[in-house]
Amino acid sequence: MANNLIDLKERLKSKLREIFQFENEDLDFGIYKIMNYKRKEIERFIEKELIDEIKKQLELAGEEEISRVKEEFEEIKQKIKETLGENAFENGELKEEFKNTPLGKEYHEKKRQLEEIRISEDLEKEIYNHLINFFSRYYDKGDFISKRRYGKNEKYVVPYNGEEVLLYWANKDQYYIKTTEYFRRYTFKVKDLTVNFRVVEAEEEKGNIKSPEKKFFVLNDKVFDFDKERNELNIYFEYRGLTEEEEKKFGNRNAQDVINEETIGVLKEKISQNSLARLIFEKDPKSQSEKSFIEKHLYRYTRRNTTDYFIHKDLKGFLERELDFYIKNEFLQLEDLQVLEQSRYFDKLRLYLIGVKTFRNIALKIIEFLAQIENFQKKIWEKKKFVIDTHYVITLDKIKEYAGEEFLESILDEILNNENQLKEWKELFGIKVKGKEDLIVNEGQLKLNGREWKKLPIDTKYFDEKFKWKLLVALTERNNLDDILDGVLIKSENFQALNLLLNKYHEKVQTIYIDPPYNTGGTEFIYKNNYRHSSWITMMENRINIARDLLTQDGLFVCSIDNYEIHNLRYLLDNIFNNDNMISLIAVVHNPGGRSDDKYYATSHEYFLVYAKNILSARTYDLPKDDTINSTRRERFVSFMRTGSHSLRSDRPNLFYPIYFNPNTGKIYLERTKGTVEILPIDSRGVERVWRWGKERLMNDINKIFVKFSKGKYKVYVKETEKLYLKPKTIWNKPKYNSALGTILLQNLFGKHHVISFPKSLGLMEDILIVNSDSSSLVFDFFAGSGTTAHAVMKLNKEDGGKRKFILVEMADYFDTVIIPRIKKIAYSFNWKEGKPQDMDGIGIFFKYHTLEQYEDALENIEFEQAQKTLYEFSDYFVKYMLEWETKNSKTFLNIYEMKDPFNYKLKIIENYQQKIVNVDLVETFNYLLGLYVSRYKVLEDNGRKYVFVFGEKDGKKIAIVWRNMNGIDLEKDKGIVEENIREFKPDEIYINEDAVVKNFKPIEPLFKSLMFEKVK
């Protein structure tokens, strides 16, 4: 402990500079970006204002104590005068004969206290020491973590409120914000040179690794390779613990920085002197500390992935509670108080309390400032993010089914002239399309319901906005959009996706299945050093807490896991769902051969934890018996008219159509012919329902359809081959569950070059859905991986004619390179070999996919308004309100003034590690914020002014939303356009952007902003 007051002041400044990330001025992400915006003001706060405040607080506390003692002294003097008379004093002093009286003794003791009161340097030093100790205790490389100690013996304690069982972990009250986006691949450019950092698995186990919980970026033995033709340098790292030899070499303090220095030295030695790759050693002109390009980016890369893991949900409340605990258990030691309570030390006790008061006041000021920064981060993290873009994928057969063949014919030229779309078809399906005839299965062999179009997917990303809106309008003229969509894909960090989806899908999801990172210590999950399990639990808790609110009352939650985190996950899910809602723990044999690298037993299984939202409402379903047992199958006839959920004409209008039956010939038609009778799906009570299949499938499987005359009516039946079912057991062990089959399937789909590690087996995913969902369930997977969940949904729908839908969330690059192509391929065919379709027996598809703004993108759009100098001089503003006030009009937080042109609202985002300015999809963002069930779109232009009308439903009310450009608008003319186009819909509520003179309209902007900042539960 430093004895010099000046040294202690510098130690406190140093600690605060560490907390405020001063050593990271070259970093531009997360908390570092926020700190760098206000570096000068924070420096002034640490260097001058805080130190001055400590002195001021001590002097103020001293003055208060002196004033109090003076007041007590005057009270004693007055008491003496009243008791002994005015003559008891002579020349202002108590006479000698009264000195030994009780009042005299009290008088002299109080006088002595008054004369001796002063603030000692020792007390000031003690305050500095306690400030350093307190803030050192909870800070850990960018995060504040609960490390409550009972006393000087440093035994940790957990806050306890009388619970029978308490699940507690170090980061319980925080958000886990780390992602792997920049982990395996980080790229930067130096002139014409592209540099990639790549993390690879160690080729062989490193010996004597001493601290596996602490991981570092260490050069791989391959070091680098350089592609001269592409001017691309790849540098290879392993992310692992250090060997005993490496620990000795690199030390324990700032080991990663030392490793980085060695890495740069090795690269300098091994990269040829005449190679373009040596550009990385030039000084970066943008570096604040004049680092070279490789120094700056290696430092940034390693810091990005080893710091800034959490945002505290209530840092102010946490630190204030800990401060009170610290004062009681560290500053005010009970044994000291017992001594100081003795009368001869009473003046020292008073000074002691002055120190406590000063320490607390200063600590609270620092806490207030830290909380301002943490709350600012939390606000950005919790903000519901913008939809950056929206694209639709729909196969040709679905365009015909929903918009009609005439519309499909009308857009064929645009499709056939789109080189990018034709190129994708060639790459995905091996089909070279030259003309219309290449798009049709049975040209010249027309079926009763027209041509059969190939299930080739149109992706609107290859077309302009005009084409996309034309397609959407046509598809929704006769159908509700959200009804006919088969799925939604979202490219995003999953917390942000869940947060945005909450209003739209609240209690709408029947089944959630997730396959999260198993936290085996590999690189699939990045954890804070020494907080491996705590980091993982926090990540899971943040996301599952929101996901639970998406489930219907009878909904089910299923999570895959293995031995590493099964115990923590079980406790966590018991806490979130209530242990009474646990349905089962299932062991799945997914690796029959066992893991060869296990030390004692070769692990061959993993687990599924199954929980209900409400066990009283939940239902699971039976699994079919093994298909090889002939006795398990039998034929039966069931009504072709659908009943139960989603069976009304209003639910699926395209499945309400007439069937024409000729009683004389027994033949069935879709068009009225001589001698036929019309049959409609109307039940005995006169309710209009729907058929089980659409027209196309009906004609394809016409031999399975039978009509019977019963009780004066013709009724339609379908012949089904029924499987006998058995209640699922808690051990699943079928050959089709082998995880190797997932890899083989992807190899067949994409070729051997396109493989993701450890994809789930399709057979296993199918059975999960069979047991935990029905044929019309909405299935949600927010750790989508390679997209097996969507594949299984599509396959089951093909087999049983179901209407399951999927929502998938993934942020890795394979969202674009695997998931979307996989769904497109499966829509065309379920049978693939070496990347080529073996038939055209797919199911077709219609889905949309989004890219969302991310936390880092939101930080990119922070803009500070310069405050008046007088505000900075008012310290409460600086400590409490600076960030909130000066960023209030940033696009990060919705700049409502720029919504005058809603189709041109722009944000800066990070794409491929470069900043890019893009348009934001405000229309789709607002649909999600509002929680709108979208029925249809209508788009028109009036003298170059674009109007987008969105029609839908929310909480039983019909909603119309109108978006248009406000520049130079005539509001009276605008009123006529709006009212004419919404009249037929007869909305209960109308939302319009900016100003309008439409009766009873509600402005979009204030609601948009308030919904963006709804509190996360």
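Predicted model: local features only at pLDDT ≥ 70, side-chain atom pairs only at ≥ 80, totals over all residues.
Okay, the overall picture. We have 1017 residues here, and 54% of them count as buried. On the secondary structure side, there are 30 helices and 40 strands. And if you take contacts between residues at least 6 apart in sequence, 73% of those join residues at least 24 apart.

Now the inside. The largest nonpolar core has 246 residues, and the members touching the most other members are Trp963 and Phe1008. Helix H11, residues 346–382, is the element that gives the most to this core, with 14 residues. There's also another core lying apart from that one, made of 17 residues, and Phe640, Leu670, Trp691 and Val718 are among them. As a general point, nonpolar side chains in soluble globular proteins tend to be buried together.

Let's move to the sheet. Eleven strands make an open sheet with mixed pairing, and the order goes E12-E11-E33-E13-E30-E29-E14-E15-E17-E16-E28. At the edges you'll find E12, residues 457–459, and E28, each of which pairs on one side only. Helix H15 packs on this sheet, where it touches E11 (387–395), E12 and E33 (846–852), and its direction makes about 60° with that of E11.

So what does H15 itself look like? It covers residues 465–476, twelve in total, and from the first C-alpha to the last it reaches 17 Å, close to the 16 Å expected at 1.5 Å a residue. Nine of those twelve residues are buried, so H15 is largely enclosed by the rest of the structure. The buried ones include Phe467, Trp469, Leu471 and Leu472, and Lys468 and Thr476 are on that list too.

Over to strand E16, residues 582–589. How many of its eight residues are buried? Six, which leaves the strand mostly covered. E16 runs antiparallel to E17, residues 605–612, and seven bridges join the two. If you want a pair to click on, Leu585 has Leu609 in E17 as its bridge partner. With E28, residues 731–732, the arrangement is parallel, with two bridges, and there Ala587 stands opposite Ile731. Helix H19, residues 566–577, lies across E15 (551–561), E16 and E17, running at about 5° to E17.

You'll find it in the loop between strand E35 (914–919) and helix H28 (922–930). Is Asp921 buried or exposed? Its relative accessibility is 16%, and the cut-off for buried is under 20%, so Asp921 counts as buried. Setting aside neighbours within four places in sequence, Asp921 is in contact with Val387, Ile388 and Thr390. Asp921 and Leu852 are 69 residues apart in sequence, and their C-alpha atoms are 9.6 Å apart in space.

That's my tour, and I'm happy to go back to any of these spots on the screen.

Key: Residues numbered from 1 in each chain as written. Heavy atoms only, no water. Core = buried A, V, L, I, M, F, W, Y, C linked by side-chain atoms within 4.5 Å. Buried < 20%, exposed > 50% of the residue type's maximum accessible area, 1.4 Å probe, protein only. Helix = DSSP H or I, 4+ residues; strand = E, 2+ residues; numbered from the N terminus. Expected span 1.5 Å × (residues − 1). Contact = heavy atoms within 4.5 Å. Pairing = 2+ DSSP bridges. Axes fitted to C-alpha atoms, helices over the stretch in contact; angles between N-to-C directions.
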